[in-house]
Amino acid sequence: MALSTAPILSPLSSALSLSSSNFIIPDSSTFHGIDTSIRTVKRNSRYRAVTIAQNDKDKPTKLVTFLGKGGSGKTTSAIFAAQHYAMEGLKTCLVIQSQDPTADHLLNCKIGTSPIKCNNNLSAVRLQTTKMLIEPLNRMKEADAHLNLTQGTLEGVVGEELGVLPGMDSIFSMLALGRILGFLRNTSQGRGQQDEFDIVVLDGISTEEVIRMIGATSKARLYLKYLRKLAEKTDLGRLAGPSLLRLIDEALSFSSGGANANVQLSSEVWDHLEKTLERGSAFFQKLQKFSCYIVMNQDSQLSVMSALRYWGCAIQAGVQVSGAFAFASPNAELTATAKDFSPLPFASIPHLSMSAHPNWNEVLVNAQSQDARQLLNLMSKQTSIFPPVTFDPGNKSITLFMPGFDKSEIKLFQFRGGSELLVEAGDQRRVIQLPSQIQGKVGGAKFIDRNLVITMR
């Protein structure tokens with residue numbers, strides 16, 4: 001099989017084989033205030049002590065989220081994790097992105113658009129796009145009043161009458177999370193008052209939307225690259241680009257020049273935008289800052305199959321899954337599912353009855369919860385997971401770990417003289433930069449135990 005420098009489709013066509021190896025879990029705006037003390041949390045013998053230096057301005061807030069089929073237990077997992085981190089002494093915020101009232105029931109509190117304290121160390125907030133529309137519009141109006149670019153036209157726009165269009169939920173939720181987590185803030189601004197939380201647990205609208213959000217900053221960098229070329233190399237771009245950039249820069253406060261921002265060169269504003277997206281992309285690559293877990297209902301084969309698929313989709317989006325959780329009926333055996341998800345750490349979350357509000361203190365101290373809590377703590381310390389891409393210069397090959405996909409679903413493209421390999425699968429495209437020793441044309445590809453092995457020539 002060979003791929004030219006033009007986009008050539010390369011279908012792959014044989015069955016997926018799952019690994020049967022086992023894995024054992026090792027033992028191991030409205031946000032106010034910041035705790036500048038150093039807290040050491042005591043834990044039982046199964047856990048290591050956690051020390052958090054809150055006076056470190058560079059210490060990031062960590063984001064944790066869950067992927068899985070609808071009804072698999074994503075919301076319950078998110079609340080379980082949030083309650084766990086809060087019990088560990090970490091300041092935790094549960095962010096709900098949907099109108100589903102399940103979280104209100106499980107927490108036994110009404111969740112609104114401002115953070116509400118549910119119990120010690122745990123707050124919850126619901127993101128509503130209709131309300132999130134208002135703040136950026138007001139900031140644009142303030143910037144326009146200063147720059148007078150629209151000659152007062154923008155001032156006549158009433159934010160409260162604007163409805164939500166498809167796609168807005170993810171965009172505005174991403175902006176809100178970016179501000180909470182800090183990667184949409186200028187680095188010279190340091191940590192602000194809104195950085196109150198050690199952990200933010202996200203319960204997203206759907207797994208597909210969460211995966212889109214995860215890969216958004218990385219994908220947006222390519223769009224920004226082409227937009228910059230359009231703005232700098234076309235007559236229309238050179239005419240309108242500087243004014244629009246000044247408005248964006250002033251409204252979003254990317255620069256730290258305050259009133260001097262409107263005299264910045266366009267190239268400096270483009271650089272600010274690029275650095276902001278670069279920080280966002282880097283955020284999701286670091287396990288110290290971001291963890292996502294796949295969740296399944298072990299009683300449902302479709303839920304297990306979906307979890308495998310979402311595992312592969314997350315890898316395609318550019319992140320590594322940190323572990324897998326299963327909900328099952330009492331006394332269910334988890335061994336077979338654990339084998340399917342090797343080498344991911346795997347744990348079960350106890351079955352919860354939805355007929356009454358759970359007593360989370362009892363749930364968390366239950367012996368059946370200990371493996372799940374241990375897995376959540378394991379990922380807060382681990383700095384690396386098995387690599388999704390490995391290069392073998394000696395055999396001039398690339399191995400891609402792609403669980404959940406069939407070979408017929410994977411397509412390969414090559415661009416730019418063979419220095420890049422584009423992999424398309426699961427409605428996601430991933431560009432892999434090839435080392436100089438491996439660059440060339442694809443000679444063949446085969447599927448071995450969930451790994452796509454590509455040989456170059």
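Is Phe283 buried or exposed? Select this residue to begin the tour of this predicted model. Phe283 is buried, because its relative accessible area is 3% and buried means under 20%.

**Aromatic pairs**

The model holds 8 aromatic pairs. In one of them, the ring centres of Phe283 and Phe284 lie 5.4 Å apart and the ring planes meet at 80°, so this pair counts as edge-to-face.

Next, select Trp311 and Phe341. Their rings are stacked, with 6.0 Å from centre to centre and 25° between the planes. Trp311 belongs to helix α9 (residues 301-317), while Phe341 sits in the loop between α10 (335-340) and β10 (346-349), so the pair ties together parts that are 30 residues apart in sequence. Both Trp311 and Phe341 are buried. Show Phe346 and Phe401 as well: ring pairs link these two with Trp311 and Phe341 into a cluster.

Centre the view on Ile454. Leaving out residues up to four places away in sequence, Ile454 touches several others, among them Lys396, Leu412, Leu421, Val442 and Ala445.

Move to helix α6, residues 207-233. Its 27 residues reach 39 Å from the first C-alpha to the last, close to the 39 Å expected at 1.5 Å a residue. Colour the buried residues of α6, including Val210, Ile211, Met213, Ile214, Thr217 and Leu224. An α-helix has 3.6 residues a turn, so residues three or four places apart point the same way.

**Loops**

Select Asn121, in the loop between β5 (116-119) and β6 (122-126). Asn121 is partly exposed, with a relative accessible area of 30%. Its contacts, neighbours within four places in sequence aside, are Ala86, Gly89, Leu90, Lys91 and Thr92.

The next stops concern the backbone. Most residues other than glycine have a negative phi, and most peptide bonds are trans. Go to Ser342 and Pro343, which are joined by a cis peptide bond with omega of about 10°. Pro343 is in the loop between α10 and β10.

Then compare Asp427 and Arg450. Asp427, in the loop between β14 (420-425) and β15 (428-433), has a positive phi of about 60°. Arg450, in the loop between β16 (442-448) and β17 (451-456), has a positive phi near 70°. Asp427 counts as exposed at 61% relative accessibility, whereas Arg450 counts as buried at 2%.

**Confidence**

Finally, colour the model by pLDDT. The protein averages 78, and 78% of the residues score at least 70. Select residues 1-57, where pLDDT stays under 50; the model has 150 contacts beyond four places in sequence for this stretch. Residues 187-195 also have a pLDDT below 50. Where pLDDT is low, the predicted coordinates should not be read in detail.

Notes. Residues are numbered from 1 along each chain as its sequence is written. This is a predicted model: local features need pLDDT of at least 70, side-chain atom pairs count only at pLDDT 80 or more; totals for chains, interfaces and linings use all residues. Side-chain values use heavy atoms; hydrogens and water are left out. Helices (H or I, at least four residues) and strands (E, at least two) are DSSP runs, numbered from the N terminus. The expected span of a helix is 1.5 Å times one less than its number of residues. Buried means under 20% relative accessible area, exposed over 50%, partly exposed in between (1.4 Å probe, protein chains only). pLDDT is the predictor's confidence in each residue, from 0 to 100. Contact means heavy atoms within 4.5 Å. Rings of Phe, Tyr and Trp (its six-membered ring) pair if their centres lie within 6.5 Å; planes under 30 degrees apart count as stacked, over 60 as edge-to-face and the rest as tilted.
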